[in-house]
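Please look over the sequence and the model below before reading on.

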Amino acid sequence: MKLIFDSLDALLAELKERKVAIVRVSRAVHAESGRPAAGIPHLTCRVIVTATIDDDLWAEWRLWVGRSLAEVGERGLLLPERLRTKSDTALADVARRIDGASLQIREGLLTHDAASMDSFCL
């Protein structure tokens with residue numbers, strides 16, 4: 001089961017109360033389905049924080065960073081530089097807040113066994 005938090009502060013308080021020491025932080029970029037502009041999809045970028053609370057329970061908080069048309073490069077779709085810079089800043093800010101709560105940060109993302117991350121580019 002997953003606990004979803006509406007604020008990072010609430011997540012961090014819960015994790016400290018439950019004596020959780022490790023938090024996973026990841027940038028997730030999702031290509032939106034729907035009507036792309038001239039065949040180029042919109043990309044939505046988020047910072048996702050997850051943590052295992054116990055064997056059957058984990059916590060998650062998501063920060064919406066932004067949305068933009070993908071850029072097209074020689075090797076396919078790319079995250080536009082403006083959105084990459086904005087997400088790098090958001091990721092650093094979230095990491096600083098987690099570090100300030102004296103929790104260990106690891107890269108990655110916890111997800112349910114039945115979940116699919118095919119449309120995400122981490």
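A residue is called buried when its relative accessible area is under 20%, exposed when it is over 50%, and partly exposed in between, as judged with a 1.4 Å probe and protein chains only. By that rule glutamate 60 is buried, because its relative accessible area is 4%. This is a predicted model, in which local features need a pLDDT of at least 70 and side-chain atom pairs count only at pLDDT 80 or more, while totals for chains, interfaces and linings use all residues. Residues are numbered from 1 along each chain as its sequence is written, and side-chain values use heavy atoms, with hydrogens and water left out.

The chain has 122 residues, of which 34% are buried. Two helices and eight strands are found in it, where helices (H or I, at least four residues) and strands (E, at least two) are DSSP runs numbered from the N terminus. Followed along the sequence, these elements come in the pattern β-α-β-β-β-β-β-α-β-β. If contact is taken as heavy atoms within 4.5 Å, then 62% of the contacts between residues at least 6 apart in sequence join residues at least 24 apart.

In soluble globular proteins, nonpolar side chains tend to be buried together. A nonpolar core here is a set of buried Ala, Val, Leu, Ile, Met, Phe, Trp, Tyr and Cys residues joined through side-chain atoms within 4.5 Å. The largest such core has 27 residues, and Leu11, Leu15, Val49, Val94 and Ile98 are the ones that touch the most other members. At least two residues of this core come from each of α1, β2 (22–31), β3 (42–54), β4 (57–69) and α2, and β3 gives the most, with six residues. Isoleucine 98 touches Leu12, Val23, Val25, Val49, Leu103 and Ile105, when residues up to four places away in sequence are not counted.

Side chains of opposite charge can pair when their charged atoms come close. The structure holds six salt bridges, each being a side-chain nitrogen of Lys or Arg within 4 Å of a carboxyl oxygen of Asp or Glu. One of them joins arginine 97 to aspartate 9, with 2.9 Å from N to O. This pair links distant parts of the chain, since arginine 97 lies in helix α2 (residues 81–100) and aspartate 9 in helix α1 (residues 8–17), 88 residues apart. Arginine 97 counts as partly exposed because its relative accessibility is 33%, whereas aspartate 9, at 52%, counts as exposed. Another salt bridge joins glutamate 14 and arginine 18, whose closest N and O atoms are 2.6 Å apart; arginine 18 counts as partly exposed, at 39% relative accessibility.

Which residue meets glutamate 60 in a salt bridge at 2.8 Å, N to O? The partner is arginine 62, and salt bridges that share partners join Lys2, Glu60 and Arg62 into one network. Arginine 62 belongs to strand β4 and is partly exposed, with a relative accessible area of 39%. Leaving aside neighbours within four places in sequence, arginine 62 is in contact with Arg46, Val47 and Ile48. The C-alpha atoms of arginine 62 and serine 26 are separated by 9.8 Å, although the two residues are 36 apart along the chain.
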